[in-house]
Amino acid sequence: DMEYFSATTDVWTSVSGDPYITFTCHFIDCMWEIKSFCLQTHYLPADHTGANISEVLSETLQQWNLDDGRLVGITTDSGSNVKAACQLLGWNRLSCFGHNLNLAVGKGLNDSCVQQECRSVVADFSHSSVI
């Protein structure tokens, strides 16, 4: 039995263009092992507003008999709609490091100064006598 849990959620689109939201629960069991369970992937055809997302998240907890008073925090991407949903529910939201890193690298790779520095480093290695 878990005393407290954390969660992750993401709104995503399938290869056929269908929108979904997935909710995963994480906790540490009595043997101090980390457990993670994908509890639900919900079809999300409604507008992806904070209100609609908060309703789906709240329903997920109810369906699994999880008390949101035991939810320590939820990790999400930086979408304003998911942020709004968490705020509406009064949940402690943490921003996903992997998502933020991906955004930062993407922006960096599109920067002309970074591109020029990368070309310079590659050129230096291409002309290096060290094998």
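**The salt-bridge network and its surroundings**

Author: Glutamate 33 has a relative accessible area of 42%, so it counts as partly exposed in this predicted model. Salt bridges with shared partners link Glu33, Asp29 and Lys35 into one network. In the link between glutamate 33 and lysine 35, the closest N and O atoms are 3.4 Å apart. Lysine 35 also meets the side chain of aspartate 29 in a salt bridge, at 3.9 Å from N to O. Lysine 35 is partly exposed because its relative accessibility is 26%, which falls between the limits of 20% and 50%. The structure holds two salt bridges.

Nonpolar residues come next. The largest nonpolar core has 20 residues, and Phe5, Phe23, Ile53 and Trp91 touch the most other members. Elements that give two or more residues to this core are the strands β1 (5-13), β2 (19-28) and β4 (71-76) and the helices α1 (50-63) and α2 (80-89). Leaving aside residues up to four places away in sequence, tryptophan 91 touches Leu57, Leu61, Asp68, Leu71, Ile74 and Cys86. In soluble globular proteins, nonpolar side chains tend to be buried together.

A nonpolar patch lies on the surface, formed by Phe97, Leu101, Val105, Leu109 and Val114, with about 470 Å² of accessible area together. Helix α3 (residues 97-109) gives the most to this patch, with four residues. Phenylalanine 97 lies in helix α3, and it counts as exposed because its relative accessibility is 62%. Helix α4 is hardly covered, as the count of buried residues among its 15 residues is zero.

Definitions and conventions
Residues are numbered from 1 along each chain as its sequence is written. This is a predicted model: local features need pLDDT of at least 70, side-chain atom pairs count only at pLDDT 80 or more; totals for chains, interfaces and linings use all residues. Side-chain values use heavy atoms; hydrogens and water are left out. A nonpolar core is a set of buried Ala, Val, Leu, Ile, Met, Phe, Trp, Tyr and Cys residues joined through side-chain atoms within 4.5 Å. Buried means under 20% relative accessible area, exposed over 50%, partly exposed in between (1.4 Å probe, protein chains only). Contact means heavy atoms within 4.5 Å. Patches are made of residues with over 30% relative accessible area and no salt bridge: like charges are joined within 9 Å, nonpolar side chains (Val, Leu, Ile, Met, Phe, Trp, Tyr) within 5 Å. Accessible areas come from the Shrake-Rupley method with a 1.4 Å probe; for residues, only the protein chains shown count as cover. A salt bridge is a side-chain nitrogen of Lys or Arg within 4 Å of a carboxyl oxygen of Asp or Glu.
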